[in-house]
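Here is a short report on one protein chain. Keep the structure open while reading.

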Amino acid sequence: MYRIGFGSDIHRLSPDRPLILGGVRIASDLGADGHSDADALTHALTDAILGALALGDIGTHFPPSDERWLNVESFVFLRFAVGEMKQHGYRVANVDSTVHLEAPKLRPYIDEIRKGLADALEVETNRVSVKAKTGEGVDVVGERKAIRTEAAVLLEKVE
């Protein structure tokens, strides 16, 4: 049996915050603003796993109104979702994700991001795809006002 999940996230960009994607700190003059570390890629992937399991979303389990999650590393959320996935008898077949960010270029970081996500998901790196797209100067991404991410995950039942 298979289950598919989709997650997305968007965060404003701010000069006062670090930019973290998939657990990797990215050299940038703008970072994502949020209650936790605002790792939009990890948030989207967490939502995708929770969605595939029909367990709500990241805000259901980790509401931003709860001070316990202030500035917390987003891998805490992802590890929770992986635990739920395993408890329900599933594993990741594959992940496909996209980061929409005008600058900086993410190509130098993609392999490190994929490796960190694969480790957290307990799968081989070749099961995790991370793509980067610019906004071509259009909308909030292209104007460097926000970062947007999307992730799709295919879960397979463990025999």
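## Model and terms

Helix axes here are lines fitted to C-alpha atoms over the stretch in contact, and angles run from 0 to 180 degrees between N-to-C directions. The model is predicted.

## Overall layout

The protein chain holds five helices and seven strands. Read from the N terminus, the order is β-β-β-β-α-α-α-β-α-β-α-β. The radius of gyration is 15 Å, close to the 15 Å from the globule rule for 159 residues, so the chain is as compact as a globular protein of that length.

Along the principal axes, the C-alpha atoms fill a box of roughly 45 × 35 × 25 Å. Of the 159 residues, 48% are buried. Take the contacts with a separation of 6 or more: 73% of them join residues 24 or more positions apart.

## Helix 1 against helix 4

Helix 1 covers residues 40–52, and helix 4 covers residues 107–121. The two pack at an angle of about 35°. Their axes are 12 Å apart. The crossing is right-handed.

Which residues meet here? Helix 1 brings Leu41, Thr42, Leu45 and Ile49. Helix 4 brings Ile113, Leu117 and Leu121. By type, the contact has six nonpolar residues, one polar and no charged.

## The nonpolar cores

The largest nonpolar core has 42 residues. Ile49, Ile113, Leu117, Leu121 and Ile147 have the most contacts inside it. Several elements give two or more residues to this core, among them strand 2 (19–21), strand 3 (24–26), helix 3 (75–87) and strand 5 (90–100). Strand 6 (128–133) and strand 7 (146–157) also belong to that list, as do helix 1 and helix 4. The largest share, eight residues, comes from helix 1.

Leaving out residues up to four places away in sequence, Ile113 touches Leu21, Gly22, Val24, Ile26, Leu41 and Val130. A second, separate core has five residues, including Ile58, Phe62, Val72 and Phe77.

## Arg91 in strand 5

Arg91 is found in strand 5. Is Arg91 buried, exposed or partly exposed? Its relative accessibility is 42%, so Arg91 counts as partly exposed. The band for that class lies between 20% and 50%.

Glu156 is 65 residues away in sequence, yet the two C-alpha atoms are separated by 5.5 Å. Not counting residues up to four places away, Arg91 touches Met85, Leu154, Leu155, Glu156 and Val158.

## Backbone points to check

Where does the chain carry a cis peptide bond? That bond joins Ala103 and Pro104, with omega of about 5°. Pro104 lies in the loop between strand 5 and helix 4.

Two residues have a positive phi although neither is a glycine. Ala54 has a phi of about 60°. Ala54 sits in the loop between helix 1 and helix 2 (58–61). At 60% relative accessibility, Ala54 counts as exposed. Glu136 has a phi of about 55°. Glu136 sits in the loop between strand 6 and helix 5 (139–142). Glu136 counts as exposed because its relative accessibility is 66%.

Terms used. Residues numbered from 1 in each chain as written. Predicted model: local features only at pLDDT ≥ 70, side-chain atom pairs only at ≥ 80, totals over all residues. Heavy atoms only, no water. Helix = DSSP H or I, 4+ residues; strand = E, 2+ residues; numbered from the N terminus. Left-handed = near helix turned anticlockwise from the far one by under 90°. Contact = heavy atoms within 4.5 Å. Nonpolar A, V, L, I, M, F, W, Y, C, P; charged D, E, K, R; others polar. Core = buried A, V, L, I, M, F, W, Y, C linked by side-chain atoms within 4.5 Å. Buried < 20%, exposed > 50% of the residue type's maximum accessible area, 1.4 Å probe, protein only. Rg over C-alpha atoms; globule rule 2.2 N^0.38 Å.
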